[in-house]
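Welcome! Please take a look at the sequence and the 3D structure shown here, and keep them at hand as you read.

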Amino acid sequence: MPASAAPKAPYPWPIDFFILAAIWGSSFLFMRLASPEFGPIATAALRVGIAALVLLPVAMLREQTGIMLQHWKAILAVGFFNAGLPFVCFSFAVMHISTGMTSMLNATMPMFTALVAWVWLGMRPGVWRMLGLLIGFGGVGLLVATKSPATTPSGEVGLMQWLAIGACLVATLCYGVAASLSKKYLSHVPALATSAGSNFGAALLLLVPALWTHPATMPGQTAWLAITAAGVMCTGLAYILYYRMIQTTGPAITSTVTYLVPVFALAYGYLFLKEQITLAMGLSGAVILLGTALSTLAPAPQPAAPLQPAQNV
């Protein structure tokens, strides 16, 4: 069955919109609960492996495995940049900085997507998009400069916190690279085939490193439940919901879910992890989201298909 034949949502699209934002916002919480016990690499490997188990049967039902095999090299590359390495980076980051700060840094993904598309594909941004890029990266600088969300329990900013911030930015840069890879080599491939294949490919790439760095002791029940939720709900089911939203509302509206994800992540961190939400953190996040909105919603200089897959952790 072709992807376009998928049934449309029987209820208004804002319901899917808020559900998707709430699901993706919870991924930071689940990674924070799983990473200290599994380690960053095993956490990422399990997440993409579980997601592949969810997505591959759906791809088989829609008869998309053949096209996955036909484009396996490009799909494998997208898997590395869109899931494998970013999930390792975020799993490391949430061990050292707040999930709220991590989610706001993740919101820079559309800006990096626009920047990579400009450098690699020659998709030069217009004036408003350029302004958005500058404002967004200024917001990142402001967020880092406030330091409060990145402090250790002793109130200091240590090397691991700075590495965690850098890891988040590497992850979002990877998302930008994956989007341009997909645009250049997989624009004619159904998004579900790309996602199912890329998660499976990422699981294969992370298998040996995960076995090499496996935890010395068996993780507890909470960690297992968290990583299962991250794989099944935040990756597998979230992608299915994402594809349905693209079909029912179009990619433009669907992509704006990125702006709502940090709101849910901040709320989860505050409610379940007792993380602090400061005024400076809120203002920095607002600047980042403003820049992201300008860099993605401003009129494009030329018609182009949406860069996909648009991944959030």
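Predicted model: local features only at pLDDT ≥ 70, side-chain atom pairs only at ≥ 80, totals over all residues.

## Two helices side by side

Let's begin with a pair of helices. Two packed helices are described by the angle between their axes and the distance between the axes. Here, helix α5 covers residues 99-106 and helix α7 covers residues 127-146; they pack at an angle of about 160 degrees, and their axes are 10 Å apart. Angles over 145 degrees count as roughly antiparallel, and α5 and α7 are therefore roughly antiparallel to each other. The crossing of α5 past α7 is left-handed.

Which residues make the contact? On the α5 side they are Met 101, Met 104 and Leu 105, and on the α7 side Val 140, Leu 143 and Val 144. Sorted by class, this contact of α5 with α7 has six nonpolar residues, with no polar and no charged ones.

## Aromatic rings that meet

Next come the rings. A pair of aromatic rings is described by the distance of the centres and the angle of the planes. The structure holds nine aromatic pairs. One of them joins Trp 24 and Tyr 242: the ring centres are 5.8 Å apart and the planes are at 50 degrees, so this pair is tilted. Trp 24 sits in helix α1 (residues 13-38) and Tyr 242 in helix α10 (residues 221-249), so the pair links distant parts of the chain, 218 residues apart. Are these two residues buried or exposed? Trp 24 counts as buried because its relative accessibility is 0%, and Tyr 242 is buried too, with a relative accessible area of 7%.

A further aromatic pair is formed by Phe 28 and Phe 90, with 6.2 Å from centre to centre and 90 degrees between the planes, which makes it edge-to-face. Phe 28 lies in helix α1 and Phe 90 in helix α4 (residues 72-93), so this pair ties together parts that are 62 residues apart in sequence. Both Phe 28 and Phe 90 are buried. Together with Tyr 175, they form one aromatic cluster.

What is Phe 28 in contact with, leaving aside its neighbours within four places in sequence? The list includes Phe 90, Val 94, Thr 99, Asn 106, Val 261 and Val 313. Phe 28 and Ser 91 are 63 residues apart in sequence, while their C-alpha atoms are 8.3 Å apart in space.

Now find Tyr 239 in helix α10. Tyr 239 is buried, with a relative accessible area of 1%. Along the chain, Tyr 239 and Ala 51 are 188 residues apart, yet 9.3 Å separates their C-alpha atoms.

## Two loop residues with positive phi

Finally, let's turn to the backbone. Most residues other than glycine have a negative phi. Glu 63 is not a glycine, but it has a positive phi of about 55 degrees. You can find Glu 63 in the loop between α2 (40-61) and α3 (65-70). Glu 63 is exposed, with a relative accessible area of 66%.

Lys 274 is not a glycine either, and its phi is positive at about 60 degrees. Its place is the loop between α12 (261-272) and α13 (279-297). Exposed means over 50% relative accessible area, so Lys 274, at 68% relative accessibility, counts as exposed.

Conventions:
Residues numbered from 1 in each chain as written. Heavy atoms only, no water. Axes fitted to C-alpha atoms, helices over the stretch in contact; angles between N-to-C directions. Helix = DSSP H or I, 4+ residues; strand = E, 2+ residues; numbered from the N terminus. Parallel < 35°, antiparallel > 145°, perpendicular 65-115°, else oblique. Left-handed = near helix turned anticlockwise from the far one by under 90°. Contact = heavy atoms within 4.5 Å. Nonpolar A, V, L, I, M, F, W, Y, C, P; charged D, E, K, R; others polar. Phe/Tyr/Trp six-rings, centres within 6.5 Å; stacked < 30°, edge-to-face > 60°. Buried < 20%, exposed > 50% of the residue type's maximum accessible area, 1.4 Å probe, protein only.
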